[in-house]
Amino acid sequence: MPTRPYVIDEMISAKSIAARIEDLAREIAGSFAETDKLVVVGLLRGSFVFIADLVRELDLPVEVDFLEASSYGDAMESSKEVRILKDLRGEIHGRDVLVVEDIVDTGFTLHHVINLLKSREPKRLRTIALLDKPVRREVDVKADWTGFEIPDEFVVGYGIDFAQRNRNLPFIGKVRFTEGD
Ligand code: PRP
């Protein structure tokens with residue numbers, strides 16, 4: 001999709017992300033130390049990079065599953081209507097579950113997914129988001145673990161897209177439009 005010209009300024013380096021994930025994985029492993037197997041649920045598409053790095057740092061028996069939720073499509077504003085495009089493959093009733101989200105913005109996506117998964121009566125349901133933009137929140141929800149709190153910047157990379165581009169950047173960057181500068 002054509003867009004105004006922009007450049008991407010690095011905001012959080014790949015090295016900082018890796019260091020933060022190591023710490024988070026240690027905390028999570030401590031919190032789920034008694035589990036027989038943790039179901040780690042990645043919210044597609046944005047979390048695919050984060051979940052891949054996170055599970056490799058988690059010193060726990062894990063099962064990986066995915067749920068695809070979408071509220072933005074290619075738009076820049078949330079539609080506030082969260083659609084489940086792909087459901088989990090496995091059952092979570094009575095199981096320990098960790099939901100992995102790339103970013104919590106308005107909060108509609110995480111709120112909707114938590115309610116959906118809670119209705120399936122897991123033993124424990126916890127959430128982690130790499131990024132949190134608390135200033136944008138419209139629904140009262142917060143992940144149990146957060147990688148970085150960020151200001152209201154338009155971010156891309158490390159799984160996060162701008163009109164389905166830039167997900168493959170190894171760092172988190174800020175979009176800066178150059179036209180009209
Ligand atoms: C993005 C992002 C989060 C959600 C956060 O998903 O990956 O899941 O929006 O926004 P919210 O807190 O305002 O709901 P998107 O719908 O763009 O799908 P994607 O993950 O496939 O890019």
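How far from an oxygen atom of the ligand does a polar side-chain atom of E101 lie? I looked this up and found 2.8 Å, which falls under the polar contact cut-off (a pair of N or O atoms within 3.5 Å).

Notes on the model. I am working from a predicted model, in which local features need pLDDT of at least 70 and side-chain atom pairs count only at pLDDT 80 or more, while totals for chains, interfaces and linings use all residues. Residues are numbered from 1 along each chain as its sequence is written, and side-chain values use heavy atoms, with hydrogens and water left out.

I then checked T106, where a polar side-chain atom lies 2.4 Å from an oxygen atom of the ligand, and D105, where a backbone N or O atom lies 2.8 Å from an oxygen atom of the ligand. Taken alone the ligand exposes 500 Å², of which the protein buries 94% (accessible areas by the Shrake-Rupley method with a 1.4 Å probe).

Ligand shell. I noted 18 residues around the ligand, with Y72, D102, T106, G107 and T109 the closest (a residue is near if one of its heavy atoms lies within 4 Å). At least two shell residues come from each of β3 (62–70), β5 (96–104) and α3 (108–118), and β5 gives the largest share, four residues (helices are DSSP runs of H or I with at least four residues, strands runs of E with at least two, numbered from the N terminus).

Helix pair. I looked finally at α1 (residues 14–31) and α2 (residues 48–57), which pack at an angle of about 55° with their axes 9 Å apart (axes are lines fitted to C-alpha atoms over the stretch in contact, and angles run from 0 to 180 degrees between N-to-C directions). The pair is therefore oblique (angles under 35 degrees count as roughly parallel, over 145 as roughly antiparallel, 65 to 115 as roughly perpendicular and the rest as oblique).

Definitions and conventions:
A polar contact is a pair of N or O atoms within 3.5 Å; within protein, one must be able to donate a hydrogen and the other to accept it, and residues adjacent in sequence count only if both atoms are side-chain atoms.
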